[in-house]
Amino acid sequence: MKEDKVKVLIIGSGPAGYTAGIYASRANLAPVIYEGEQPGGQLTQTTEIENFPGYPHGIDGPQMMEEFREQAIRFGADIRSRTIAEVDFSKKPFRCVDDRGDVVIADAVIVSTGASAKYLGLPDEKKYMGLGVSACATCDGFFYRKKKVAVVGGGDTAAEEALYLSTLAEKVYMIVRKDYLRASEVMKKRVAERENIEILFNCNVLGLYGIDGVEGAKVIRHKDTPEEEIFDLPIDGFFLAIGHTPNTGIFRGQLNLDKEGYIEVKSPTTHTNVEGVFAAGDCADPIYRQAISAAGTGCRAAMDAERYLMDHYFQEMASDK
Ligand code: NDP
């Protein structure tokens, strides 16, 4: 077992973690970043990103994350392709243990573990990932201009995704498992007013089909009832909007989480309820969930951590200069 003592430990990569790494390195805090199970986070699963300012011609998600990473390394971030498995925030400095059992003792911690879109769990979702299956209409909707798409889910996210897609696609189906939308009244009204959105109530997806990509979904209506029917729905794109799960399991009992598991921060800062622990990106953001907003909170978390360290560890920091 190895034990390291660091000023700033960043748990999780992606736009928030790498941006925190860039700012913390430039502030001479020698951050250590544990990249986690999916280095680069959710963007490494998308194709082209067209809405991140600074890339007028778009950029590949994995390439953008590689560039964020390189930038953090350039300023001295120590990036480790490992996962933090356990944390103890009950006393300072904080004790964190990685997946090999090595220990990192940190004066400040930035949590940027992200969130994961929920999937239905169909084998076909994996098969057609990037070939018609997506969990982000803002990221991938543009590829379905004048095509037919389906959005699974009946909440506000699904309504928002369907509305967005309806401005690009020829036809948008919402596949809703109940006989009503869970979305807010205002969103329901907007969906109802959009002519090219059709809601398929009481429907579940059994699978997807297509040769080189999604060409349709097999749908079951009124499952397990006398009216049960199975039909093919020809579509080019299949969007999941059945919610996100923040990757915050290891912080349960350590940090205040909301009922969905998102880390609570003292907005507009990135301070959590534990002094010296900060949260950035999707793990603390149930609303925006964009790369640019995650990067912004990563910057804020590094600045909050720097101020915290200056206030509490000034002597040590001065001797490091
Ligand atoms: P929600 O949990 O509100 O909705 C999830 C939807 O997916 C529900 O319709 C649910 O169906 C359906 N669903 C879940 N699992 C399955 C499954 N296995 N198969 C089929 N359908 C499934 O999540 P959202 O992401 O929509 O919203 C999260 C929060 O964020 C909410 O509080 C929402 O109000 C908020 N939000 C607000 C926005 C806004 O105000 N503009 C925009 C986006 C989100 P069922 O109803 O049957 O459970």
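This is a tour of one predicted model, with a residue or element to select at each stop.

**Stop 1: the ligand**

Select the ligand and the residues around it. The shell holds 13 residues, and Gly154, Asp156, Thr157, Arg177 and Arg182 come nearest. By type, the shell divides into 3 nonpolar, 5 polar and 5 charged residues.

Now show the side chains of Thr157, Glu160 and Arg177. Thr157 has a polar side-chain atom 2.5 Å from an oxygen atom of the ligand. In the side chain of Glu160, an N or O atom is 3.0 Å from a nitrogen atom of the ligand. For Arg177, an N or O atom of the side chain is 2.8 Å from a ligand oxygen atom. On its own the ligand has 910 Å² of accessible area, and the protein covers 68% of that.

**Stop 2: helix α5**

Select residues 156–166, which make up helix α5. Which residues of this helix are buried? They are Ala158, Ala159, Glu161, Ala162, Leu163, Leu165 and Ser166. An α-helix has 3.6 residues a turn, so residues three or four places apart point the same way. Keep that in mind while turning the helix in the viewer.

Two of them are helices, α4 (137–140) and α6 (185–193). The strands are β11 (148–152), β12 (171–175), β13 (197–200) and β17 (237–240).

**Stop 3**

Select residues 203–209, strand β14, together with residues 216–221, strand β15. The two strands run antiparallel and are joined by 6 bridges. To find one of the pairings, pick Asn204, whose bridge partner in β15 is Ile220.

Move on to His222, in the loop between β15 and β16 (229–234). His222 is not a glycine, yet its phi is positive, near 55 degrees. With a relative accessible area of 26%, His222 is partly exposed.

**Stop 4: another positive phi**

Select Ala30, in the loop between α1 (14–26) and β2 (32–34). What is the phi of Ala30? It is positive, about 40 degrees, although Ala30 is not a glycine. Ala30 is partly exposed, and its relative accessible area is 48%. For background, most residues other than glycine have a negative phi, and most peptide bonds are trans.

**Stop 5: two cis peptide bonds**

Select Lys92 and Pro93. The peptide bond that joins them is cis, with omega about -10 degrees. Pro93 belongs to the loop between β6 (84–88) and β7 (94–98).

Then select Ser267 and Pro268. A cis peptide bond joins this pair too, and omega is about 5 degrees. Pro268 is in the loop between β18 (244–246) and β19 (277–279).

**Stop 6: Thr270**

Stay in the loop between β18 and β19 and select Thr270. Is Thr270 buried or exposed? Its relative accessible area is 1%, so Thr270 is buried, the cut-off being under 20%.

Show the side chain of Asp304 as well. A polar contact of 2.6 Å joins it to the side chain of Thr270. Beyond its neighbours within four places in sequence, Thr270 is in contact with Val265, Val277, Phe278, Ala279, Thr297, Arg300, Ala301 and Asp304.

Notes: Residues are numbered from 1 along each chain as its sequence is written. This is a predicted model: local features need pLDDT of at least 70, side-chain atom pairs count only at pLDDT 80 or more; totals for chains, interfaces and linings use all residues. Side-chain values use heavy atoms; hydrogens and water are left out. A residue is near a molecule or strand if one of its heavy atoms lies within 4 Å of it. A polar contact is a pair of N or O atoms within 3.5 Å; within protein, one must be able to donate a hydrogen and the other to accept it, and residues adjacent in sequence count only if both atoms are side-chain atoms. Accessible areas come from the Shrake-Rupley method with a 1.4 Å probe; for residues, only the protein chains shown count as cover. Ala, Val, Leu, Ile, Met, Phe, Trp, Tyr, Cys and Pro count as nonpolar, Asp, Glu, Lys and Arg as charged, and the others, Gly among them, as polar. Buried means under 20% relative accessible area, exposed over 50%, partly exposed in between (1.4 Å probe, protein chains only). Helices (H or I, at least four residues) and strands (E, at least two) are DSSP runs, numbered from the N terminus. Contact means heavy atoms within 4.5 Å. Two strands pair if DSSP finds at least two bridges between them.
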